[in-house]
Amino acid sequence: MSFNVVFLNRSFYPDISATGQLLSELCVDLVKRYDCRVTVITGRPLIKDTSFLEARFNSKLVERQDWQGVEILRVKSTTFTPAFFLKRIFNYLTYFLLAFLASFKIRKPELVVALTDPPIIGFVGLWIAFRFKIPFIISVRDVFPEAARGLSLRQNSLINFLLDCANRFLLKRADRVVALGELMRYKLIKEKGIAQAKISIISDWADTRDIRPLPKDNPFSRANKIIDNFVVMYAGNIGASSGLTVLIDAADLLRDYKDMLFVFVGEGIMKNRLMELARQYKLENIKFFPYQPRGVLSEVFSSADIFVIALKNDLSGYSVPSKIYSIMASGRPYVASVPQDCEVSQITLKFDSGVIAEPEDSRALADKILFLYANKETKIKLGENARKAAAFFEREKQVNNYFRLFNESLSAFAQSTYALFASVDPPKL
């Protein structure tokens, strides 16, 4: 059974953020594998590739595009740097208002799915559901306002209160809610009052065909002269929620290990801050690289000996680092500097695919890095376990989980609508 679905999220192709990439993959697979009609209402690309902007984005407030069979309604939202609180809020508001405008340009869908970037976009989803009398689904990427604690931005108690009220309102009115893991589902039930029966767990994923283990001796490691180092890599969004200053501090503690190199691959609001710290500490054992093209990710990931995954202590269950799935697909072990109860810890313990360090503790992180540095056989075994575990989070499986959820939602909605009309007595003549 195929269907027509509308997605709402500020980030989509060609953006390289994790959420944008995952949504892009989900939409393409729904079109190509399941013959669905998919429309995405998204914002202006956040990438710095001005050629794309000039070629694909004109002066219209809402532009209709097509990409691999996916219909895109791209709105001319602002793309100010998110490092500043007011500019981030303005980005959210311009996307929200223009997405509402774009909602009048869609063809009648059968269901609508809102992600949580920004957290208020669900109101547009709720409006679309009301307008067309269709199911409304929320896919929770981060739980707000709690996830905002990880941002190094000025916090506003009033805005946090309003976000909490909005989040609860939308979640309770959604027909179904998608959580990224067990702990996130628990938080939604206990802290947001959401009925357990309407929450489904669908994790993020990696495509094990796109990202696969390769020898460390590969074009990326040779070109960047890191082939002879013990490479400790962080790859992905260099954002505030990860608390990556702990990795800079760990590199400082381990500066005497001359063959050890800390490599950051990616972009984000914290990158300049980390680069400045590395200069202040006069660290010569750190290198920074920009985001790499998707076609060379296997080479990039295989250039690492181990990875680091980091998450601040108070974000457990409110945010889930999706990079763990790509790391496992690459067949490399990792040190998870994360809370003991979070989804990354649960995966690590279940599959024995890495080691866990106390979050935001540079000494603990350095000790775990040294453990894998000194124990080559353990490192290899953990990497092998990680690659095997990646099969449980394969892209095809998770997309199928979404497809089944959408079909279940449509069936349940149709039955409830039928029951509602059946319960109404016909007028007496």
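Buried here means under 20% relative accessible area, with exposed over 50% and partly exposed in between (1.4 Å probe, protein chains only). This is a predicted model, in which local features need pLDDT of at least 70, side-chain atom pairs count only at pLDDT 80 or more, and totals for chains, interfaces and linings use all residues. Residues are numbered from 1 along each chain as its sequence is written, and side-chain values use heavy atoms, with hydrogens and water left out.

**View 1. Helix 1 spans residues 18-34.** Helices are DSSP runs (H or I, at least four residues), numbered from the N terminus. The 17 residues of helix 1 reach 23 Å from first C-alpha to last, close to the 24 Å expected at 1.5 Å a residue (1.5 Å times one less than the number of residues). Helix 1 is largely enclosed by the rest of the structure, because 12 of its 17 residues are buried; among them are Glu25, Cys27, Asp29 and Tyr34. Just after helix 1, look for Asp35, with a positive phi of about 55°.

**View 2. Helix 13 meets helix 14.** The axes of helix 13 (residues 362-374) and helix 14 (residues 376-390) come within 5 Å and cross at roughly 100°; axes are lines fitted to C-alpha atoms over the stretch in contact, with angles from 0 to 180 degrees between N-to-C directions. Phe371, Leu372 and Ala374 in helix 13 touch Lys376, Thr378, Lys379 and Leu382 in helix 14 (contact means heavy atoms within 4.5 Å).

**View 3. Leu188 and its surroundings.** Beyond neighbours within four places in sequence, Leu188 contacts residues including Val140, Leu171, Gly193 and Ile199.

Conventions: Helix = DSSP H or I, 4+ residues; strand = E, 2+ residues; numbered from the N terminus.
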